[in-house]
Amino acid sequence: MEQTQSLKDLMLDIDNKKIHLPEFQRDFVWEISKTYDLFDSLVKDIFIGAIIYGIPSFEIAVREIDNRKKVTKGKKRPVLAIRTLTKSEIEERQKLDRSNFRLILDGQQRTTSIYRTLKGTDDVWFVAKNEDEIIDTTFENAKLEELLEEIAGEQDSERLSIKLSDVWDIEINDYDEEEIRDKFFKTTLYFRNYTNDPDFDEKGEFRKFRILRKKIGDLFKSEKLLSFYLLDMTLEKFVVFFERSNTRGVQLNFIDILAAKLYTGNFNLKEKIKEFEQQNSNYCLIPEIIVRSIAFIKSSPKEINRNYILTSLNADDFKEWWDKLCRLYKVTLDYLYENNFIISQDWMPYDNMIIPMMNFLKEIGGDFHQMNPKQKKFIEFWYWSSVFSLRYSGSSNERIIEDSNILIQIAKDKKINSASYFNKLFKIQILTIEDIYSFDKKANAVYKGILNLINFEKSGLLNWNNDAKLSLNSILEDHHIFPKSYLNKVLTNEPEKDLIDCVANRTLIPKLQNIKISDQPPSEYLNEIKATNPDIEESLENHLITKELLNGEYDKEFSFFIELRANAIFEVVQKHLITPKDAVKEEFYEEVKFEESANINVYSFYKNNKAEATFNPATTKIFYKGSLFESPSAAAQFVKIEFGAGENTTENGWTFWKFVDENGIEKKISELRK
């Protein structure tokens, strides 16, 4: 029978050793973007699947939940504790309560993700909407889902943000209000960004922080948040469960739903997808990229979410744009491959980055040859910075819209007026050589980005068999340069073992070749390849691998090799991302300048009511309905009271008021702050 529990109960049960993992369960492998999606679903009350617990009636080895920090070179990760529980120990624990000992049979990734987030091992932030973005209610009365702008890996200096582990910390510790204010609220980027504004209402903003913290805390305590099954299991049933567990699960396909809607308007989406695939076997079509691109073109203000697509787009929109955008899609992929941004489509870090590039391409006339050197320079920096800052992890709709608008400006040879935009691009994940060692999974965009950046630096990776450039359709594997099976035999040092899967020990080669390499030391399998390709040294150096691997001197020097290659990789990262950032900002950023007497039209919405005013960026005063307000916040508070808020309401006017720039892009007036 299905039961429910709260996140709080789950956390306490893990801490109290009531919940364990079978020792043979796979390691925690989720990328952080999946954690963002998980908490987004929890906030929105979207079913995440039931956790299945088992109560074994036999002796079993168990291990603890993986709450270790990511891999760092030279630092040994703690070994996960493993212990064997006898049948009698299990029975003793369950005398008072059957749930005093439970094994996670299905749901390990979700459970571990929740635990790591609330313990602060992984940084996960709830970024809240500003009050003017909340429809039909107030910040205090809104549901938690209505307050959510996004779940992200970092806080937002323009929005109230709270780290989920801080909420848990507050829940389980007896902090007084002053401690919460000093330790958690005053350390946010939002507070630091606005605290020096003379009209910043610290008391009112802290009140919102407390409201948000309480709502998230209530979510953690909600008894019906997590569903679970508790199964008594014999050894035979236990084995059968794991044999069959991977065959379950049905996923509803968004494209199928959209196709059914468009079919009524005489546009057969499934046939158009099939037609593309038959005519373009060299490309992998991602239909949602075309669909979102249509939404971007047709919407004003820009919206590309699934709700807008299903409710606002029609068959005529697709008849007009489908074929045109499919062509732009192919041209964009051709450009990315021919200019070595991607090794193959399967290895592209973020598919959604194609959408802003398609919009750029559309603006310059559909041909990348029309791009001037200055535009090419920005595209290159934007592309790599977006990948290495994990810009498109988690919810990416806002990023797609923002980047599309930015690239359209670049296509028009206009400068960017938002300093904060460059700050976002500059937040790359690799700032030191040591940072490289923590990336060891293909699902991570930075991991893919590193391998693609080597390809970019070397103007195309070479096939080790024949020195030919790897093709767009190459079936590639991220090969262990020092084969994994070989290292598992020769390494005894745990910190070294932690680096076996590190990206510094990986490169991309054809899959068949990877299979043949097996568990040989590097010098042996490389010399076998050299027998058919005498120029293998050139291929190795093309992959940033020292040709000295051939002579066997490195076979027992894995740690030295990893350090050598990590240094080579970091030099490439430094060249393309770190060194040029100041010059790029200087060339492409332009501060908006207004004369003392210049006013711009601004507006805002509160409870579906629109307020229109004028704003003077030089004086920061707002003129609204015959009155001149000394600050944006004073005018915002007046508007809220006018439309039904209480007399004690507060509001940050810099995020409340918006304007449309000369390119038709909606922006907050915080973009105009000096």
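Student: Which strands make up the open sheet of three strands, and in what order?
Tutor: This is a predicted model. In it, the order of that open sheet is β8-β7-β9, and the pairing is antiparallel.

Student: Which strands stand at the edges?
Tutor: β8 (148-152) and β9 (161-163) do. Each has a single partner strand, so one side of each has no neighbour in the sheet.

Student: What does the twist average from one strand to the next?
Tutor: The average is 20°.

Student: How many bridges pair β7 with β9?
Tutor: Three bridges, in the antiparallel sense. Strand β7 covers residues 125-128.

Student: And which residue in β9 is the bridge partner of F126?
Tutor: Look at I162.

Student: Which helix lies across β7 and β9?
Tutor: Helix α6, residues 164-172. It runs at about 65° to β9.

Student: New topic. Where is the place of G217?
Tutor: G217 sits in helix α9, which spans residues 202-221.

Student: Is G217 buried or exposed?
Tutor: G217 is buried. Its relative accessible area is 0%.

Student: What does G217 touch, leaving out residues up to four places away in sequence?
Tutor: V167 and E171. There is also a distance to check in the model: the C-alpha atoms of G217 and L164 are separated by 9.1 Å, and these two residues are 53 apart along the chain.

Student: On to β3. Why is strand β3 largely enclosed?
Tutor: Six of its six residues, 51-56, are buried, so the rest of the structure largely encloses the strand.

Student: Which way do the β3 residues point?
Tutor: I51, Y53 and I55 point one way. I52, G54 and P56 point the other way. All are buried.

Student: What about pairing: how many bridges link β3 and β6?
Tutor: Three. β6 is residues 102-106, and the two strands pair in the antiparallel sense.

Student: How many residues of strand β12 are buried?
Tutor: Five of its five residues, 506-510, so to speak mostly covered. Five bridges join β12 to strand β11 (residues 476-480), and the two run antiparallel. L476 stands opposite P510 in β12.

Student: Let's talk cores. How many residues are in the largest nonpolar core?
Tutor: It has 125 residues. W322, F378, W382, Y383 and F388 have the most contacts inside it.

Student: Which helix gives the most to this core?
Tutor: Helix α15, residues 315-338, with twelve residues.

Student: What does F378 touch, not counting residues up to four places away in sequence?
Tutor: Its contacts are I406, L407, I410, I416, Y421, F422, V584 and F588.

Key: Residues are numbered from 1 along each chain as its sequence is written. This is a predicted model: local features need pLDDT of at least 70, side-chain atom pairs count only at pLDDT 80 or more; totals for chains, interfaces and linings use all residues. Side-chain values use heavy atoms; hydrogens and water are left out. Buried means under 20% relative accessible area, exposed over 50%, partly exposed in between (1.4 Å probe, protein chains only). Helices (H or I, at least four residues) and strands (E, at least two) are DSSP runs, numbered from the N terminus. Two strands pair if DSSP finds at least two bridges between them. Contact means heavy atoms within 4.5 Å. A nonpolar core is a set of buried Ala, Val, Leu, Ile, Met, Phe, Trp, Tyr and Cys residues joined through side-chain atoms within 4.5 Å. Axes are lines fitted to C-alpha atoms, for helices over the stretch in contact, and angles run from 0 to 180 degrees between N-to-C directions.
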